[in-house]
Amino acid sequence: MDSTKAPLLGKTLDELTQIVLDLGMPKFTAGQIASWLYGRKVASIDEMTNLSVKNRERLKECYEVGATAPVHEMRSVDGTVKYLFRTPEGDYVESVYIPDADRATLCVSSQVGCKMNCKFCMTGKQGYTNSLTAAQILNQIYSIPERDTLTNVVFMGMGEPFDNLDEVLRALEILTASYGYAWSPKRITVSSVGLRKGLRRFLDESDCHLAISLHSPFPAQRQELMPAEKAFSIVEIVDILRQYDFSKQRRLSFEYIVFKGVNDSLIYAKELVRLLRGLDCRMNLIRFHAIPNVDLEGADMETMLAFRDYLTQHGLFATIRASRGEDIFAACGMLSTAKQQANKQNNETV
Ligand SMILES: C[S@@+](CC[C@H](N)C(=O)[O-])C[C@H]1O[C@@H](n2cnc3c(N)ncnc32)[C@H](O)[C@@H]1O
Ligand code: SF4
């Protein structure tokens, strides 16, 4: 990538239109560029062969496609692949490709690190470094070999999407617009702890599925696990969610890591049923990926099954999410943290 040139990747049709008009090109060229970028997924402006040579040269003076290949990959025995991307600032972000029987999901990052500091999360431990641009978010999809087999994208990698909502919404527009990837919004899920400023805006401006990280139905305990609870409580989040319709295309789910002896007993299951009563939603129970220096453990499978059955029997449909890529540390933030630490050590020894 040439740091003096701006990426075309990540530009909406309106933005491409402004670019071509500024360069003195006909307006329809914007649609042609979008089609090369998002339909044909070209690697260079030279490949945009229905643009005149003169216009391609003009475009190349200030712009490039802006796609960058991952710098590292780790393959799990179960087919999961973790990719590591390097940003122009020298930061690292992760994406995880998860093939399944009839689906192939890519889990993308929205930030380098995260400000939310959840107790159980490796990305949270990293602290916040940067927010990704729409180009850097889309590049995670654009630049992997499996890109044409993807059926779903989930924003469950590094970072809090609602803390970078302008860029996330721009990426979602491009993924779902007819000039872009033309995906159904049903193929995309955005996961969030729930931030006051972002929640309504996301619900109003996007049709993509929403997953809220819940982890405890009790605000005091949720705050211990997730400091974001203090600014915007799960009770308020649920109140807002009740104002939207999740009975049709758009799906609402909650993520719940089942921690041994912390949130895995019947009291919690009962309170979850009470908190979410009447809301059209489902519960994903997640196995905890242990991280260093944190005194939390995952519940055993027997406890998780009993928890799931209680919820489902009491009207809250629950599933246990299969844990994938355990052998390659699929818990997000592990690989990028290791890479960042290795680079730091190298710099210190030079
Ligand atoms: C990494 S977050 C990114 C999206 C957003 N920031 C959020 O918290 O929903 C995606 C999901 O991974 C979960 N998660 C984080 N650390 C985990 C761990 N060590 N084991 C299992 N799940 C984890 C989060 O709770 C969240 O539901
Ligand atoms: S779980 Fe999500 S919000 Fe919490 S620290 Fe990790 S990435 Fe950030």
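Let's start with two strands: E12 pairs with strand E13 (residues 282-286) in the parallel sense, over five bridges. Pairing here means that DSSP finds at least two bridges between the strands. Helices (H or I, at least four residues) and strands (E, at least two) are DSSP runs, numbered from the N terminus.

A word on the model. It is predicted, so local features need pLDDT of at least 70 and side-chain atom pairs count only at pLDDT 80 or more, while totals for chains, interfaces and linings use all residues. Residues are numbered from 1 along each chain as its sequence is written, and chains are lettered from A and ligands numbered from 1 in the order in which they are written.

Back to the strands. Glutamate 255 stands opposite asparagine 284 in E13. On the E11 side, strand E11 (residues 209-213) and E12 (residues 252-257) also pair in the parallel sense, over four bridges. There, serine 213 stands opposite glutamate 255.

Ala, Val, Leu, Ile, Met, Phe, Trp, Tyr, Cys and Pro count as nonpolar, Asp, Glu, Lys and Arg as charged, and the others, Gly among them, as polar.

Last, ligand 2. Its surroundings include Cys114, Cys118, Cys121, Glu160 and Ser213. By class, that shell has five nonpolar, five polar and one charged residues.

Notes. Near = placed C-beta within 6 Å.
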